[in-house]
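Please look over the sequence and the model below before reading on. The paragraphs that follow lead from the packing of helices to a sheet, and then to a few individual sites.

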Amino acid sequence: MFHYACCWAQKTQSCWAQKTKVAGLKRLKLQGSRSTSGKMLIKQRPLWVTLQQVRYNSSKQLSLVKFNNKEISLRINGKPLIFNNVFLRDSCTSPESVDSATSQKLFTTAECSKNLTIEGEPIVSSFEKEPALQVQWSNNNGKTTIRSTYSWSFLNKNATQQARRSGKFFDKDRKLWDKTELTNNLSKLHHNYKDLMNDERTFFNVLHNLNRYGLCFIDDIPRPEMTEMNEANVSAWPVSKIANKFGYIKKTFYGSLFNVRNLKSEAKNIAYTNTFLPLHMDLLYYESPPGLQMLHAIDNSTLGGENLFCDSFLAAEYVRNKDPIAYKALTQIPITYHYDNNNEYYYYKRPLIVEDPEIDGSCFPKIHAINYSPPFQGPFEVGVTKDEKLYELFDDFVRGFQLFENFINDSKNHYEVKLKEGSCVIFENRRTLHSRNGFSDSNGGDRWLMGTYVDGDSFRSKLRVAYRRFA
Ligand SMILES: [Fe+2]
């Protein structure tokens with residue numbers, strides 16, 4: 001964050017005027033009057049003042065065009081921009097506004113916006129070697145005065161919606177993939193366990209590529225010496241150590257970690273059988289499904305049992321291009337997901353495609369998440385009887401769902417891999433569909449995968465911090 005704001009509340013008006021003079025700006029006559037205390041009172045009606053443009057250097061230019069008690073008009077590198085005064089006041093990080101120790105805001109938007117006025121004219125001066133806008137705010141009928149400084153970098157970062165997303169979301173770095181695309185980039189997806197654990201640059205590369213493709217692999221994991229996993233020894237398992245690099249483990253009713261072994265009739269989940277597992281996502285019946293899933297192959301010597309992965313965002317984009325009306329319906333009709341088994345009853349409903357309107361769409365589709373998990377799908381609850389508003393839309397939804405499913409079931413859109421023993425696959429649960437071929441131990445082989453989930457927020461926090469450091 002390159003937002004510098006300082007408070008000069010104790011300083012005098014003459015000091016403010018002096019700063020204006022130092023900045024080389026012409027003090028302009030305001031449409032207002034002075035109170036008995038000598039303070040300038042700004043009228044509530046729009047009051048426009050034009051100041052001369054000041055250039056600081058060729059790369060960072062800032063000038064004040066005009067202002068009133070609703071907005072401030074600027075030119076940033078020649079481009080006109082009008083900022084809402086409440087946004088600017090609300091963004092102030094002066095010591096009176098944000099606690100420097102905790103970074104927590106000390107006022108509410110409602111409080112600061114009440115009778116908000118500008119005292120005197122804002123000035124453009126130099127701060128931390130770049131142009132900065134200085135504004136003296138007054139509200140609560142003049143009882144509260146805050147002086148704020150907004151650096152060129154802060155103003156520029158907030159100039160557009162896309163710029164505001166920068167450093168928080170990395171959709172521009174994402175890439176849609178099919179089998180060919182992924183196979184051609186496999187070397188970027190594989191990383192060494194020791195390097196991951198010991199080298200922060202490697203960790204950033206893993207995060208970067210995981211964000212890019214929604215899939216990566218950690219190889220050469222030493223075989224664990226223990227054989228029995230329980231809640232008391234969770235932290236000792238490699239998959240737990242990997243998970244803790246990426247965030248915090250999201251414990252579910254399967255535990256902090258889970259073993260994937262062939263349990264046949266005892267299985268709580270089809271994943272614990274040897275039958276084919278269709279493409280799906282996990283735990284969509286949770287309000288907040290996990291962001292990442294990890295599967296560490298400890299033993300994988302049975303026949304079959306290959307893992308399949310598919311980019312659901314590419315599938316959604318395919319539907320959008322093929323049938324925009326059906327695509328729209330996929331964003332509107334909610335699908336119910338439930339888990340009602342073993343004295344547990346989870347339930348949630350969400351549409352197949354969740355869009356993110358803030359993504360500009362030029363580099364990557366406007367998609368936030370996909371929700372596809374047929375094994376845990378419950379009966380539809382919307383658009384099912386003719387008297388309902390969404391009844392007609394349901395036909396479009398079904399058509400779109402078929403297109404989506406045909407696409408993801410096409411093998412040219414799959415990446416299929418038999419996980420090597422000592423490798424761990426990590427994938428984004430809200431993007432990358434996963435499935436597994438059936439397997440057989442008739443060859444005397446064994447299959448033991450250990451898995452876990454990582455909370456998506458903590459993963460994105462790691463991603464943002466790593467980007468700040470290395471990108
Ligand atoms: Fe799964």
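Axes here are lines fitted to C-alpha atoms, for helices over the stretch in contact, and angles run from 0 to 180 degrees between N-to-C directions. Helices (H or I, at least four residues) and strands (E, at least two) are DSSP runs, numbered from the N terminus. The model is a predicted one, in which local features need pLDDT of at least 70 and side-chain atom pairs count only at pLDDT 80 or more, while totals for chains, interfaces and linings use all residues. Residues are numbered from 1 along each chain as its sequence is written.

The chain holds 14 helices and 25 strands. Of its 471 residues, 33% are buried, a residue being buried if 20 or more other C-beta atoms lie within 10 Å of its own, exposed if 12 or fewer, and partly exposed in between, with C-beta atoms placed from the backbone.

Helix α9 (residues 200–213) packs against helix α14 (residues 456–470) at an angle of about 120 degrees, and their axes are 10 Å apart. That angle makes α9 oblique to α14, since angles under 35 degrees count as roughly parallel, over 145 as roughly antiparallel, 65 to 115 as roughly perpendicular and the rest as oblique. On the α9 side the contact is made by R201, F203, F204, L207 and N211, which meet K462, L463, A466 and F470 of α14; two residues are in contact if their C-beta atoms, placed from the backbone, lie within 7 Å. Sorted by class, this contact of α9 with α14 has six nonpolar, one polar and two charged residues, where Ala, Val, Leu, Ile, Met, Phe, Trp, Tyr, Cys and Pro count as nonpolar, Asp, Glu, Lys and Arg as charged, and the others, Gly among them, as polar.

Elsewhere, strands β4 (residues 71–76) and β5 pair in the antiparallel sense over six bridges, and I76 has K79 in β5 as its bridge partner. The two strands form a hairpin with two residues between them, and N77 in the turn has a positive phi of about 50 degrees. Strand β5 (residues 79–84) lies largely in the open, because the number buried among its six residues is zero.

Finally, H338 lies in strand β17 (residues 334–341) and counts as partly exposed, with 16 C-beta neighbours inside 10 Å. Residues up to four places away in sequence aside, H338 touches Y285, Y346, Y347, F376 and G378.

Technical notes: Two strands pair if DSSP finds at least two bridges between them.
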